[in-house]
Amino acid sequence: MGHLSTPKSVQKLQTALHAKAKAEPGYRFYTLYDKISRADILAHAYALCRSNQGAPGVDGQDFAEVEAYGLERWLGELALALREETYRPDPIRRVYIPKANGKLRPLGISTLRDRVCMTAATLVLEPIFEADLPPEQYAYRPGRNAQQAAIEVEERLFRGHREVVDADLADFFGSIPHAELMKSVARRIVDRRVLHLIKMWLECPVEETDDKGRRRRTTEARDNGRGISQGSPLSPLLANIYMRRFVLGWKKLGLEQRLGSRLVIYADDLVILCRHGNAEAALHHLREIMGKLKLTVNEDKTRICRVPEGEFDFLGFTFGRMYSPRTGQARLALRPSKKSIRHMVETIHALTVQRGACRTPHGWWTS
């Protein structure tokens, strides 16, 4: 795994923003737009995008083309467009990638210019909203990961939270309503130019190419007023900001205490671990709160599981009763799920056929 260190000047800004947001939960930030167009922010945003590689967007421009043109010149022109407020995002190129169940997942590929700009915005905004995110959310956050979420689930099962709502949301990213999402963003961000940037990215047209090579553009996100593009550098942060509403709603209703429940959330994957006899009530409230958020519980994939009689899969692990190969004794534990093992085998097979590399940059929380 390759890592990029955050430049000191960028880290200093992020640390200051995070500290202010953490110290003053009600504070609203008025002047952030100028930070997004800073030379050091844009240069680091480009480096992060480059480390992630990624295919070109609708304009076909790749990293080699930018560097042949002159990276400093290219970044300077982007900074000028932002400062003069002439920047406009290009349409998003949509492709479909296969899912484990054989279905296709839509993936949005923005142009390199837009990816750099969105990454710059994320560098500035993430430290602010990170101060607000609750501990129940584990995805796309500094110092948090899927393994920690799995360990939390295991610990809660050991402590007696053995009635589990194994929940699935239907098209979470594609369903997030823009108006409500922007209200959540505006709770912290007052700078109208930053809000305008985010709105433009949310409403970007989508371009698809059919089997005959014909291109078709649609404005479904703008027309429907919902959906964030999976694949956008800003989408993980926006998804976390909106899912926070669910956690706050759950706590405001006092469901943690009333149901003896604990939420564990990783992006749109979530489980609710309850004390005995409370899972049905938890599922009822899940449907109710998600409905108010204009999100839909996938009833076909959502179920109640009682451990250890039953078992469930979450984040690549199966939780339930296991037997010791040495003593044959039963115990509560987790193991890699059949689905994740199959995926691992397929990945290893693919790597033996064609070598590949993966890079994941680290963020503002490390030096």
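Q: Between which two helices is the loop that holds Tyr140?
A: Tyr140 sits in the loop between helix 6 and helix 7 (146-158). Helices (H or I, at least four residues) and strands (E, at least two) are DSSP runs, numbered from the N terminus. The model is a predicted one, in which local features need pLDDT of at least 70 and side-chain atom pairs count only at pLDDT 80 or more, while totals for chains, interfaces and linings use all residues. Residues are numbered from 1 along each chain as its sequence is written, and side-chain values use heavy atoms, with hydrogens and water left out.

Q: Which accessibility class does Tyr140 fall into?
A: The classes rest on relative accessible area: buried is under 20%, exposed is over 50%, and partly exposed is in between (1.4 Å probe, protein chains only). Tyr140 has 38% relative accessibility, so it counts as partly exposed.

Q: Is Ala267, which also has a positive phi, buried or exposed?
A: Ala267 counts as buried because its relative accessibility is 8%. Its phi is about 60°, although Ala267 is not a glycine. Ala267 lies in the loop between strand 6 (262-266) and strand 7 (269-274).

Q: Which residues does the cis peptide bond join?
A: The cis bond joins Val307 and Pro308, with omega about 10°. Pro308 is in the loop between strand 8 (303-306) and strand 9 (312-314).

Q: How should I read the surroundings of a loop residue such as Ser261, and which residues is it in contact with?
A: Contact means heavy atoms within 4.5 Å. Leaving aside neighbours within four places in sequence, Ser261 is in contact with Trp250, Leu255, Glu256, Ile272, Leu273 and Cys274. Ser261 lies in the loop between helix 13 (255-259) and strand 6 and, at 7% relative accessibility, counts as buried.

Q: What does the side chain of Ser261 reach at 3.0 Å?
A: A polar contact is a pair of N or O atoms within 3.5 Å; within protein, one must be able to donate a hydrogen and the other to accept it, and residues adjacent in sequence count only if both atoms are side-chain atoms. The side chain of Ser261 reaches the backbone oxygen of Leu255 at 3.0 Å. A polar contact of 3.1 Å also joins the side chains of Ser261 and Trp250.

Q: Trp250 belongs to helix 12; at what angle do helix 12 and helix 14 cross?
A: Axes are lines fitted to C-alpha atoms, for helices over the stretch in contact, and angles run from 0 to 180 degrees between N-to-C directions. The axes of helix 12 (residues 235-252) and helix 14 (residues 279-292) come within 10 Å and cross at roughly 130°. The contact involves Met243, Phe246, Gly249 and Trp250 of helix 12, and Ala282, His285, Leu286, Ile289 and Met290 of helix 14.

Q: What class does the angle between helix 12 and helix 14 fall into?
A: Angles under 35 degrees count as roughly parallel, over 145 as roughly antiparallel, 65 to 115 as roughly perpendicular and the rest as oblique. Helix 12 and helix 14 are therefore oblique to each other.

Q: How do helix 3 and helix 5 cross?
A: Their axes come within 10 Å and cross at roughly 120°. That makes helix 3 oblique to helix 5. Leu42, Ala43 and Tyr46 in helix 3 meet Leu71, Trp74, Leu75, Leu78, Ala79 and Leu82 in helix 5.

Q: Which residues of helix 3 are buried?
A: An α-helix has 3.6 residues a turn, so residues three or four places apart point the same way. In helix 3 the buried residues are Ile41, Leu42, His44, Ala45, Tyr46, Leu48, Cys49 and Ser51. These buried residues pack against helix 1 (8-23), helix 2 (33-36), helix 4 (63-69), helix 5 and helix 6 (112-130). After helix 3 comes Gln53, with a positive phi near 60°.

Q: Which residues does Arg88 contact beyond its sequence neighbours?
A: Leaving aside neighbours within four places in sequence, Arg88 is in contact with Arg113, Asp114 and Met200. Arg88 lies in the loop between helix 5 (71-83) and strand 1 (92-98), and its side chain reaches the backbone oxygen of Glu85 at 3.2 Å. Arg88 is partly exposed, with a relative accessible area of 45%.
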